[in-house]
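Here is a brief report on ring contacts and charge pairs. The sequence and structure come first.

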Amino acid sequence: MGFAFTPRLSNPKMAQVEERWERLVRAVLRRERMGPDLYGRHGTGIAGNVPSSLANNRDIDEILRAADEIQDEDPNISRILCEHGYSLAQNLDPNSEGRGVLQFKTGLMSVIKQKLAKREGATIDRSQDIVRLQEFYKLYRQKNNVEQLREEETKLRESGVYSGNLGELERKTVKRKRVFATLRVLGTVLAQLTEDIPEELKRVMESDAAMTEDLIAYNIIPLDAPSITNVIMSLAEVQAAVSGLKYFRGLPKLPTDFPIPATREPDMLDFLHYVFGFQKDNVSNQREHIVHLLANEQSRLRIPDETEPILDEAAVQNVFLKSLDNYIKWCSYLCIQPVWSNLESVSKEKKLLFASMYCLIWGEAANVRFLPECLCYIFHHMAREMDEILRQQIAQPANSCNSENGVSFLDQVIYPLFEIVSAEAGNNENGRAPHSAWRNYDDFNEYFWSLSCFDLSWPWRKGSSFFQKPTPRSKNILKSSRSQHRGKTSFVEHRTFLHLYHSFHRLWIFLVMMFQVRMSN
């Protein structure tokens, strides 16, 4: 999309109009680029721009979007939601150290001041905010006919009439999701502000919360919130896969304050999530991924349907071997014992634990995925670490992922690798540096092809020469206190004028042969 150049006008008023027009165009383009959210709401103003550095940025974003949604209906409630969103941001990052947090707080405070200014000097009694929220919750339900929304959509979906008018079904679905998303935000904020909620309103809020089951994001299978409109959850192989991942007797107990959705039971991925500090979205994605793998293997076995589907041992074995195939080959190549002494003695639950852990490691490995043998090394040590934790009664965070800032696999395991790979890649002068002057992915990965890789120990021994950054060759690379450079692992390509022959040697041979044929004639 392009715009013709228009020269600035000398008239100050016209120049001001032109400037405002450009600002409007930029705002519209930004809005189109961001697009609507899951419920058809466009992020206006501060909503949709919550910094990713805030841990609960999704909750804050939902609160601000709901505030935009009800601004015209009740500006006072919109002001309450914005102030609560600001409080959440302040509690998560009181010193505004995260990227973009200070700008976000400043912008949100400006929005709140604008809402206060529109009251034309009228005083605000914040002691009545909770009462206002409770009353608005009731009025919002009544205005949007909440009791009829789900019923109308279900009737339309079951009647089959919508097959000729999909737009009508989509409109009703989006409206229902938008209304219940706003109700969920209002209920969440109300519950966070006070515990003194009337019993009747509390029952209504719980009933509404039960109807927001399909508002939780998922890819194909809604595991965190099973939906009555998604038939995939009724398939026997899917039910068997989900049941196979459930928390089993040999797992240590999770702390009582560990958050688990009320719509499902805890499973072994929750255990790995707590112990190693994997990211929440990574755990959700890999949970669904593993269920898909297990369900596909189960369906290939053509097991007759049962009242209570049970995950077959053969399905688990196939997923286990496919997931850990490279790790098994890596152990065989280095002549080391895998984390299990005898594969036949490993239980079905333990195999699922190993496969789940490997998928979680891969899902959060970022660019380290290009170092497959490095992932094998990481899995090898984390599996041994998990074996020690399994001997305890209560789950404990792994030492390799624990720090003063909490438990994080990404920060403690992946980031040190990413940092050194990034430093080496940034030192290649956009490909102009000699091949022998910097390490690429192959060099890092080949380091784990020999037993010397175990010198890195576990947790990482960051003083090792493997983690030493190179001397910066460009001003764009931050200088490091370590200037010693580790050389290439094995093969080193030296680029000389002989590459002209090497790159086209077949052509030269062909020309020489043709010359001989010509001369012989």
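The charged end of R369 sits over the ring of W362, 4.2 Å from the ring centre. Here a charge sits over a ring if NZ of Lys or CZ of Arg is within 6 Å of the ring centre and within 35 degrees of the ring normal.

This is a predicted model: local features need pLDDT of at least 70, side-chain atom pairs count only at pLDDT 80 or more, and totals for chains, interfaces and linings use all residues. Residues are numbered from 1 along each chain as its sequence is written, and side-chain values use heavy atoms, with hydrogens and water left out.

A search of the whole structure finds 19 salt bridges. The term means a side-chain nitrogen of Lys or Arg within 4 Å of a carboxyl oxygen of Asp or Glu. Three of them are tabulated.

| Pair | Closest N to O |
|---|---|
| K202 and E199 | 3.9 Å |
| D267 and R287 | 2.7 Å |

How exposed are these residues? Buried means under 20% relative accessible area, exposed over 50%, partly exposed in between (1.4 Å probe, protein chains only). D267 is buried at 6%. R287 is buried too, at 4%. K246 is partly exposed at 35%, whereas E265 is exposed at 51%. K202, at 29%, is partly exposed. E199, at 49%, is also partly exposed.

Salt bridges also link R79, E83, D129 and R132 in a network.
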